Amino acid sequence: MDTTNLFRLDGRVALVTGGSRGIGRMIAAGFVAQGAKVYITARKADACDATAADLGPNCISIPHDISTVEGCRTLAAELAKREAKLDILVNNAGAAWGVPFDEFPESGWDKVMDLNVKSPFFLTQALHAMLKTAASAGRPAKVINITSIDGQRVNPWQTYSYQASKAALIHLTRRVAAELIQDNIVVSSLAPGAFPSDMNRAARDHGDGVAKRIPAGRIGVTEDMAGAAIYLASRAGDYVVGETLTVDGGIVNASLASSIDG
C-alpha cells in the first residue's frame, strides 16, 4: 500500500461557492496547495477576483449570484464553457439571519433557506453531467456540502432559519448521496464549529472568549478546515458516503452537559 499521494488533488478540477472569504477561502487554499485547479465563485466580483489573485494561477474567479435556481444554472453553464468535467463541488455559500422570534420576518426565512438549502441542491443538479463525466469507480467525483454544528444541536442565538437550514442540508446530503453514488459521485458534508469569518464574528472578533467554551481550548484555523475538506475530496475520503464530518474542537461530541440538579 502506497499512501504517498493519498491526499493529493493533482489534475482535479474543483468549484468552491462562497470561495472569496472565510471557510470557502480556507478550503480553496487547501485544494490549490494539494494540486487542484480551483474555481471560486461569490456574489461580489471584486472580492472574488482579489482572493483568486492571492491564491495564485491555479485559482480562477467566476463571480455569480447563486441565490436563485437560474443563477445556479448560469454558473454551471459558464463553468461548462471552461471545463469538460468537474471533479469536486463544494457547496459553501450561505447566509444567516438573527431576529427575535416574534419579529422574525418571512424575508429572512426565505433568503436563508433559498441559499443554504435550495441552491446546493439545484447547483449540484445543474453540474450533475460534469460530475458524472469526471467520475469513475476508481476515482469518484465529490460533492461536499458545508453544513454547521448549528444543524446538529440548538444554540442560544435566534437564528431560526439558519439552524433549520443546516439541519435540512445534513439530511439532504444523505438523500442525495444515496442517489448519486450510483453515478460514482460521493456526497458528504462538513459541519464547522467556531471559525473566524464574517458570518461568525464572535469567533473572528472575540476568539479568546469563544475558545473558553470549546473542549479543544481554541477556535478553528485554516489548516483544520482545509485538512478536513482535503480528506473528503481526495482518495482518502472515497469510502465516506453521506457522512457529516464535524470539525468543531469537540463542541458537539465532547462537551459535558451541565447538571440540572446543581
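**Note on the cores and helix packing**

1. Start with Thr 51. Leaving aside neighbours within four places in sequence, Thr 51 is in contact (heavy atoms within 4.5 Å) with Gly 19, Ser 20, Arg 25 and Ile 40. Thr 51 is buried, at a relative accessible area of 2%. Buried means under 20% relative accessible area, exposed over 50%, and partly exposed in between (1.4 Å probe, protein chains only).

2. A word on the basis. This is a predicted model, in which local features need pLDDT of at least 70 and side-chain atom pairs count only at pLDDT 80 or more, while totals for chains, interfaces and linings use all residues. Residues are numbered from 1 along each chain as its sequence is written, and side-chain values use heavy atoms, with hydrogens and water left out.

3. Thr 51 sits in helix 2. Helices (H or I, at least four residues) and strands (E, at least two) are DSSP runs, numbered from the N terminus. The buried residues of helix 2 are Cys 48, Thr 51, Ala 52 and Leu 55. They lie on the same side of helix 2 because they cover an arc of only 100° around the axis. That arc is taken from the directions from the helix axis to the C-beta atoms. On the other side of helix 2, Asp 46, Ala 53 and Asp 54 are exposed.

4. Helix 1, strand 2 and strand 3 (59-61) are among the elements that cover the buried residues of helix 2. Gly 56 follows helix 2 and has a positive phi, near 100°.

5. Now the cores. A nonpolar core is a set of buried Ala, Val, Leu, Ile, Met, Phe, Trp, Tyr and Cys residues joined through side-chain atoms within 4.5 Å. The largest has 32 residues, and those with the most contacts inside it are Ile 27, Phe 31, Val 38 and Leu 190. Helix 9 gives the largest share of this core, seven residues.

6. Val 38 deserves a look. Not counting residues up to four places away in sequence, Val 38 touches Ala 14, Val 16, Ala 28, Phe 31, Val 32, Asn 58, Cys 59 and Ile 60. A second, separate core has 29 residues, including Ile 62, Leu 75, Leu 131 and Val 143.

7. Last, a helix pair. Val 69, Cys 72, Arg 73, Leu 75 and Ala 76 in helix 3 meet Lys 118, Ser 119, Phe 122, Leu 123, Gln 125 and Ala 126 in helix 4.
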